[in-house]
Amino acid sequence: MTLGLGREALDALRRDRTAVVCLVVLGLLVLATLAGPALLDYREDEIDWSHMAAAPFEAPGHWLGTDRLGRDLLVRTLHGLRISLAIALAATLVSLVIGVAWGALAGFRRGRTDAWMMRFVDVLYSLPQVFFVIILTVVFGRGSFTILVAIGAFGWLTMARIVRGQALALREREFIDAAIVGGAGTARILARHVVPNLLGPVIVYATLTLPQVILVESFLSFLGIGIQEPLASLGNLVADGAAELETAPWMLAVPAACLMLVVFCFNFLGDSLRDALDPRDR
Amino acid sequence: MSALLEIRALTVDFLAPRVVRAVDGVDLALGPRERLAIVGESGSGKTQLLLACTGLLAANGRATGSVRFEGRELLGPGDAAAPARGRGIGFVFQDAGGSLTPHRRIGDQLIEVAMAARGMPKRQACDESLAMLGRVRLPDPGSTMNAYPHELSGGMRQRAAIALALAARPRLLFADEPTSALDVTVQAEVMALLDALCRDFGMALLLVTHDLGVVAALAGRIAVMYAGRIVEEGDTDELLANPAHPYTAGLLASVLSLSALEDGELATIPGAPPRAGETIQGCRFEPRCPRRRERCRVEGPRLEAGGTSRVACHYPLDAGRSP
């Protein structure tokens, strides 16, 4: 993509009020996860013995209440958001880079190259992910790195398939032939003529990947092979909160609201970004 | 005369799912600066001929025979045609808008080709592209550079597509029905433009069309294709004045003219071309031919040379020209 297109896309994005609001909200959330825990009075694994399962604003200093062990919910949620966001962004990036490159090359080359590349994807698809993650935890131990590898290794497969389908369709368009006759090599055609034209579906799918990754992480954490206590992730906070739904509903409400906010923002942002990148919609 | 492009026994098959032969043993030669038009109905294989020469056949297409461009063989394993693209052979496609990448500015696309094919620095490529847009007579080259394809009209897009095909300054230009998507007034302009560009750049032209009116103005020689084979080839003036093959004569008779419209009767060639993949023992045109005889059904005519022209017919129209 050329710089000019990038600048125009940015302009279009700036004019889009929804996109600006989402960007601001996401920016504030990121800032809060980075600066918040340091500014607040409690650490994420610090137990306040005198205020266990306190409701929001019930105990001094615990604005959003505490969990069953008396840990401050706001601090834990911010910590959880930080880890979840980091994993989600990293996994989405992996999916974007590997998935798009893999799918675009397979779809463009067609024939035998395509067949081999996509069979490789099929093989990875058919591996049970949870089983793979368990093996990884044996090798690397539990923790965010293992989660990242586990999600990254599988996250790009669907992206590769989507992109490959799009690239196959694009391959039949005349501008690809025109570029070939113009003397362009495979790399240049992919970068200049194929990938820019499939950014729409790629971005939409990437914004779907982000929340999905957060959910997969929470699922793995729920199984006990994800982010481990006392570290918090949105996933294990929601899992904890769900268990206390009847006695302390805020334990679910706070991380769940945070998760929803993030997912909404990314979805809206993705939608606006797709429009901004398409010159016909500007 | 050493040929710029020399096609020998070119055959194009598609495996879909049974073998379909789109081009069947075509011989053609084109000298430097020469302009040859291939005329035929849709489905006669003329487009596939061009695609085979540039290595752009669909994945299930197989080309056999020989295509030499400046002595270099373009058919072969891998991407043998790659060296001929860019500075060698340019291609103007039928659907003008389709050969421009929708998400990028016209200027960026032109500059990219000029830089890659001719090794120009960006500044010079930019000036060159601007000049090229002026050469294809786009009214406002400066603003066209910054336009996206969808912002241009069909005629302007076709001009931009021609500029794109010429950005590498090819020595031979393939034009695949470059005007069939345009309305009649724009068609004439684009044809005049191609004519001028070929002359100015010293470019040879291989034009594919079904419009004989277009051909008369532009090409020095005509090859008529029917069902994958060349049935007649000759100098434009002579072929249009004295067609030897009944099919050529039929094509000429079916060209629309005002007098024909006043007669209230449109001339057509009865019947339809053989379906792709059909095996035919005799002449392919025999079922539709007004001059068919028994021999036509059993024996396929070969393309025989006579003077400057060639014709594939047992009983050609003009006896004086027949071999």
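This is a predicted model: local features need pLDDT of at least 70, side-chain atom pairs count only at pLDDT 80 or more; totals for chains, interfaces and linings use all residues.
A nonpolar core is a set of buried Ala, Val, Leu, Ile, Met, Phe, Trp, Tyr and Cys residues joined through C-beta atoms within 7 Å.

**Chain A.** Followed along the sequence, the chain reads α-α-α-α-α-α-α-α-α-α-α. Its C-alpha atoms fill a box of roughly 75 × 45 × 30 Å along the principal axes. Chain A has 282 residues, of which 41% count as buried. Where contacts in chain A link residues at least 6 apart in sequence, 66% join residues at least 24 apart.

**The contact between the chains.** Next, display both sides of the contact, to which chain B gives 27 residues and chain A gives 21. On the chain B side, strand E6 (89-92) and helix H2 (106-118) each supply at least two residues. The largest share of that side, five residues, belongs to H2(B). Colouring the chain B side by residue class separates 13 nonpolar, eight polar and six charged residues.

**The largest nonpolar core.** Now select the largest nonpolar core, which holds 163 residues; B:Ala163 and B:Leu164 touch the most other members. Helix H3 (residues 73-109) of chain A contributes the largest share of this core, 17 residues.

**B:Leu164.** Finally, centre the view on B:Leu164. Which residues does B:Leu164 touch, not counting residues up to four places away in sequence? In chain B they are B:Ser99, B:Leu100, B:Gln109, B:Leu110 and B:Val113, and from chain A there is A:Ala178.

Technical notes
Residues are numbered from 1 along each chain as its sequence is written. Chains are lettered from A and ligands numbered from 1 in the order in which they are written. A residue is buried if 20 or more other C-beta atoms lie within 10 Å of its own, exposed if 12 or fewer, and partly exposed in between; C-beta atoms are placed from the backbone. Helices (H or I, at least four residues) and strands (E, at least two) are DSSP runs, numbered from the N terminus. Two residues are in contact if their C-beta atoms, placed from the backbone, lie within 7 Å. Ala, Val, Leu, Ile, Met, Phe, Trp, Tyr, Cys and Pro count as nonpolar, Asp, Glu, Lys and Arg as charged, and the others, Gly among them, as polar.
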